[in-house]
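I opened this model to look up its pockets, salt bridges and surface. My notes follow in the order I took them.

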Amino acid sequence: DHLGGGCVKERLISLDLQDRHMTYRMIDSGPVPFGDYVGSLRVTPAGPDACVVVMTSSFVPVGIEEAAARQISISNIETALENARQAALRRAGKTS
C-alpha cells in the first residue's frame, strides 16, 4: 500500500441513474494527501456487452508535489476501474 493504509470517507453529491453519472466528495481524506477532492464517474453503453467508464477527479495536493499527487490519483482510478471490471466479469460468470 503506497499510502500506508487507512481509509477515506466520501459523500455522494449527485446520482443520476438514467444518465449513469455520479459525483462524490472526499470528506475525510485519511492518508491520501488531497484537499478539496471531488470525483465523478460516468458509464456510457458501448454495445450489448460493453461500456465505457470515465472517472475524473479534481483536488488540491497537500504536502506533496502536484506530479506525485496526480500519479496517486491515476493509480487509484486505475485500481478502481480494474476492480469494477473484475466484479463485472465475475457477475457475468467469466474470468480474465
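Which elements each supply at least two residues of the lining of the second largest pocket? I looked, and β2 (21–28), β3 and α1 each do. Helices here are DSSP runs of H or I with at least four residues, strands are runs of E with at least two, and both are numbered from the N terminus.

**Ground rules.** I am working with a predicted model, where local features need pLDDT of at least 70, side-chain atom pairs count only at pLDDT 80 or more, and totals for chains, interfaces and linings use all residues. Residues are numbered from 1 along each chain as its sequence is written, and side-chain values use heavy atoms, with hydrogens and water left out.

**Second largest pocket.** I noted a volume of about 330 Å³ for the second largest pocket. It is lined by 20 residues, and V8, E10, M26, V32 and N76 are the closest to its centre. α1 gives the most to this lining, with 6 residues. I sorted the lining of the second largest pocket by class and found 12 nonpolar, 6 polar and 2 charged residues. Nonpolar covers Ala, Val, Leu, Ile, Met, Phe, Trp, Tyr, Cys and Pro; charged covers Asp, Glu, Lys and Arg; the others, Gly among them, are polar.

For pockets, the search uses a 1 Å grid over the protein atoms alone and a 1.4 Å probe. A pocket is an open set of points with protein on both sides within 12 Å along at least five of seven lines, and lining residues have an atom within 4 Å of a point. A volume is the space filled by probe spheres set on the points, which are joined across faces, edges and corners.

**Largest pocket.** The largest pocket holds about 400 Å³ of space. It has 13 lining residues, and A50, C51, A84, R85 and A88 are the closest to its centre. β3 (34–45), β4 (51–61) and α1 (66–91) each supply at least two residues of this lining. Which element gives the most to the lining of the largest pocket? α1 does, with 5 residues. By class, I get 10 nonpolar, no polar and 3 charged residues in the lining of the largest pocket.

I found A50 in the loop between β3 and β4. A50 is partly exposed because its relative accessibility is 41%. Buried means under 20% relative accessible area, exposed over 50%, and partly exposed in between (1.4 Å probe, protein chains only). From A50 to R20 I count 30 residues in sequence and 14 Å in space, C-alpha to C-alpha. R20 sits in the loop between β1 and β2. R20 is not a glycine, yet its phi is positive, about 55°.

**Salt bridges.** How many salt bridges does the structure hold? It holds 4. Each is a side-chain nitrogen of Lys or Arg within 4 Å of a carboxyl oxygen of Asp or Glu.

- R42 and D19 meet at 2.7 Å, N to O. This pair links distant parts of the chain, with R42 in strand β3 and D19 in the loop between β1 and β2, 23 residues apart.
- D36 and R25 meet at 3.0 Å, N to O. D36 lies in strand β3 and R25 in strand β2, so this pair ties together parts 11 residues apart in sequence. D36 is exposed, because its relative accessibility is 54%. D36 also has a positive phi, near 50°, and is not a glycine.
- E82 and R85 meet at 3.0 Å, N to O. Both lie in helix α1, 3 residues apart, about one turn of the helix.

**Nonpolar patch.** L12, L15 and L17 form a nonpolar patch on the surface, with about 340 Å² of accessible area together. Patch residues have over 30% relative accessible area and no salt bridge; like charges are joined within 9 Å, nonpolar side chains (Val, Leu, Ile, Met, Phe, Trp, Tyr) within 5 Å. Areas come from the Shrake-Rupley method with a 1.4 Å probe, and for residues only the protein chains shown count as cover. I placed L15 in strand β1 (residues 9–16).

**Whole chain.** I logged 1 helix and 4 strands, in the pattern β-β-β-β-α along the sequence. Of the 96 residues, 18% count as buried.
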